[in-house]
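Hi,

Here is the structure I promised to pass on.

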Amino acid sequence: MKSPIPDYLAGVLEKVRPIERGAPAGYIDTLARADTSKLAVAIAMVDGNLYSAGDDRVEFSIQSISKAFVYALAIEDSGLERVLEKIGVEPSGDAFNELSLEKGTNRPMNPMINAGAITAHSLVVGPDATAEQRTDRILKALSRLAGRELHVDEEVYESELKDGDRNMGIGHMLKAAGIIKCNPQEVVRGYIRQCSINVNVRDLAMMAATLCNAGVHPVTGESIIPQRSVRQVLSVMTTCGMYDAAGDWVSNVGIPAKSGVAGGIIGALPGQVGLAAFSPKLDERGNSVRGVAICEKMSSDMGLHMMEASQIARATVRTSVATIVAGECEPHNRNCQREVVIFSLRGAVRFAGSERLSRAIQREVGDPDPADPGSGAHADACAIVLSFRDVYSLSAVAQKVIGEVVRRLLLEDRSVVIVDPSHVFPKEVKGDKDAQHPVIVQSEGEARDHIGGRGCSTLQKTDSW
């Protein structure tokens, strides 16, 4: 069985593909020539599993998405108190490249607009750092977050530097106001260089998932961003990450996010999932038109809005295997001495829990994967049991994901038995033929009788059932 999640992501892309509004960033020559047909999406779970669809290997410059991560570096290198002395945290309500400072303090309003991001860049490493030291620190940190070595797109850098008068003006304004102490031209060049680092949506989803995972990389287990910094970054992303569209974004999508003018968007839902979208056409606020549509649909479909508190995301999945031992009533049952794989869920199951179940089923009963020893070990199981005995709720998206998993198992002519004493499983789930239905029972005993015949027993190989 294949996971339904990649197919869902591909379906999201096809849903938004007809949207033709917007245009690529015209004030940067290289971005103005971007291939506007490119479209991609990726999601990364906090345990490192990643799904993607579309042009997911196409690289583009990270642009302003880098601001979130460089803000975290500035906090780590200079301390939060020092950073807050130099950069505010309030939404500006202005364009991202506005030449404006906070009245009374001369601080940039927040680190997600250019004035704040240039200031944050100046605080990386330390006050006496060279431009090369800051650039090296940032490139290495972003590479660790992405899980691979990233590089600067020199063509984008030169193109952006050529038309960088406005950012240079911001740099001189910050120096005149006493916010930065170093050479403003060096800082601005370094800031433009950080924006010119190339990434793809898979990189960005993993970087976002690291924020979701309290700063710990989901794959390597390396602690990259201190937890206190993560909280600060996510808070500012929530209120300021989408520029002057932040209010609409929080209302419609409800995920801490950051966009970039190359067409990328990241979203980081704490404890659950990191997501990324890419499409070069931008709206008047500098956000990817299709990217916003992708995030709106995924938030709605998958119940990802951070204010969605109807159910608490506490769910676990346990896998166990048992061998059927026929009883006296049916000693020659066809399933005698065959294996049954049991997947037991517990708690309130939302998207993250349903994704874990989907992955567990795929690994245990799907085709063997040479890169994953032990996968496909129970592909010949005579039955698959899903136990919802200890589940007290399934969110709407969990019902959809698990329902699609069951449908696909039925299409493979698998025997699927659902233990559902609390009636949380959607009863309308079936295969493509009327005869294809999961068997729904009230207890493990009924499940055993259905699979191995009345009076049968099981020999547990792992855990218990």
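Below is what turned up, starting with the pocket and moving on to rings and charges.

A word on the basis: this is a predicted model, where local features need pLDDT of at least 70, side-chain atom pairs count only at pLDDT 80 or more, and totals for chains, interfaces and linings use all residues. Residues are numbered from 1 along each chain as its sequence is written, and side-chain values use heavy atoms, with hydrogens and water left out.

**Pocket.** Helix H14 (residues 351-365) gives the most, three residues.

**Rings.** Rings of Phe, Tyr and Trp (its six-membered ring) pair if their centres lie within 6.5 Å; planes under 30 degrees apart count as stacked, over 60 as edge-to-face and the rest as tilted. That gives two aromatic pairs. Phe 60 and Phe 278 are stacked, because their ring centres are 4.0 Å apart and their planes at 0°. Phe 60 is in strand E3 (residues 60-61) and Phe 278 in strand E7 (residues 273-278), so this pair ties together parts 218 residues apart in sequence (strands are DSSP runs of E, at least two residues; helices are runs of H or I, at least four). Both Phe residues are buried, meaning under 20% relative accessible area; exposed is over 50% and partly exposed in between (1.4 Å probe, protein chains only).

**Charges.** There are 31 salt bridges (a side-chain nitrogen of Lys or Arg within 4 Å of a carboxyl oxygen of Asp or Glu). Arg 193 has two contacts worth a look. In one, Arg 193 forms a salt bridge with Glu 154, closest N and O atoms 2.5 Å apart; the pair links helix H7 (residues 154-162) to helix H9 (residues 184-195), 39 residues apart. In the other, Arg 193 lies over the face of Tyr 157, 4.8 Å from the ring centre (the rule: NZ of Lys or CZ of Arg within 6 Å of the centre and within 35 degrees of the ring normal). Finally, Asp 7, Glu 404, Arg 407 and Arg 408 are linked in a salt-bridge network.

Cheers
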